[in-house]
Amino acid sequence: MRLSALLRHQKSTVNVVDLGLISYGAALKEQQKFVDLVKANKSETHSLNFILALEHKPVYTVGIRSKGYTKEEEERLKGLGAEFHRTSRGGLITFHGPGQLVLYPICDVRRVSTRQLGVRNFVDKLEQTIIDSASEGFGIQNIVGCGIEGVSTTSLSRETNRTVTVAEARPVLLNHFAKNFECLLDSSSSNHYCFPHSKLSSAVSNS
């Protein structure tokens with residue numbers, strides 16, 4: 001068996017990076033830095049993987065299906081005190097703000113799990129991570145994928161009838177990520193991956 005095949009059966013390490021409360025534009029720049037870092041460190045036997053954990057300052061984003069969002073609507077939403085960004089992602093309009101946990105996985109899809117994944121498998125595991133976090137972590141059932149027209153959105157606080165903070169939700173979500181991707185989470189490498197405005201989270205470590 002080749003060395004690369006043997007290494008795929010070992011658990012990879014995903015570094016958890018805490019960006020705190022940050023604007024959408026600044027977070028996008030941080031993501032690109034880590035994308036470049038992952039690309040620069042890919043080899044047949046080695047890769048770097050990250051999760052950026054953060055809260056956004058108030059922002060509306062729309063994806064490529066942005067036909068219904070005119071310049072007038074954009075200005076109206078900005079007038080409410082939020083940023084507005086047109087993006088290249090799929091889906092319709094989305095709001096993010098303080099008190100809402102956002103995790104951006106920036107990973108080598110081939111080596112983030114013990115099994116080599118394709119993009120579809122990677123997305124499926126992300127969706128399962130959210131479903132498991134809601135059901136096993138907070139007792140919420142009947143979760144469906146977001147971005148489906150005619151399906152309403154909700155929150156952990158609404159479904160549990162109590163306040164669920166980001167600090168409470170984050171370790172639940174990260175631990176289910178580690179379980180679904182069969183990986184380790186590491187928050188101890190702050191000196192190795194240090195960009196301005198970035199700090200590695202000390203909230204969760206399975207290393």
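Buried denotes under 20% relative accessible area, exposed over 50%, and partly exposed in between (1.4 Å probe, protein chains only). This is a predicted model, in which local features need pLDDT of at least 70, side-chain atom pairs count only at pLDDT 80 or more, and totals for chains, interfaces and linings use all residues. Residues are numbered from 1 along each chain as its sequence is written, and side-chain values use heavy atoms, with hydrogens and water left out.

**View A. Val109 in the loop between strand S6 (102–106) and helix H4 (119–138).** Helices (H or I, at least four residues) and strands (E, at least two) are DSSP runs, numbered from the N terminus. Val109 has 22% relative accessibility and therefore counts as partly exposed. Leaving out residues up to four places away in sequence, Val109 touches Leu117, Gly118, Val119 and Phe122 (contact: heavy atoms within 4.5 Å). The C-alpha atoms of Val109 and Phe122 are separated by 6.8 Å, although these residues are 13 residues apart along the chain.

**View B. Asn49 in the loop between helix H2 (24–40) and strand S2 (50–56).** Asn49 counts as buried because its relative accessibility is 1%. A polar atom of the Asn49 side chain lies 2.8 Å from the backbone nitrogen of Asp108. Beyond its neighbours within four places in sequence, the contacts of Asn49 include Ser12, Asn15, Ile106 and Arg111.

**View C. Buried and exposed residues of H2.** Tyr24, Ala27, Glu30, Gln31, Phe34 and Val38 of H2 are buried. On the other side of H2, Lys29, Lys39 and Ala40 are exposed. The cover over the buried residues of H2 includes strand S1 (13–22), S2 and S6.

How values were computed: A polar contact is a pair of N or O atoms within 3.5 Å; within protein, one must be able to donate a hydrogen and the other to accept it, and residues adjacent in sequence count only if both atoms are side-chain atoms.
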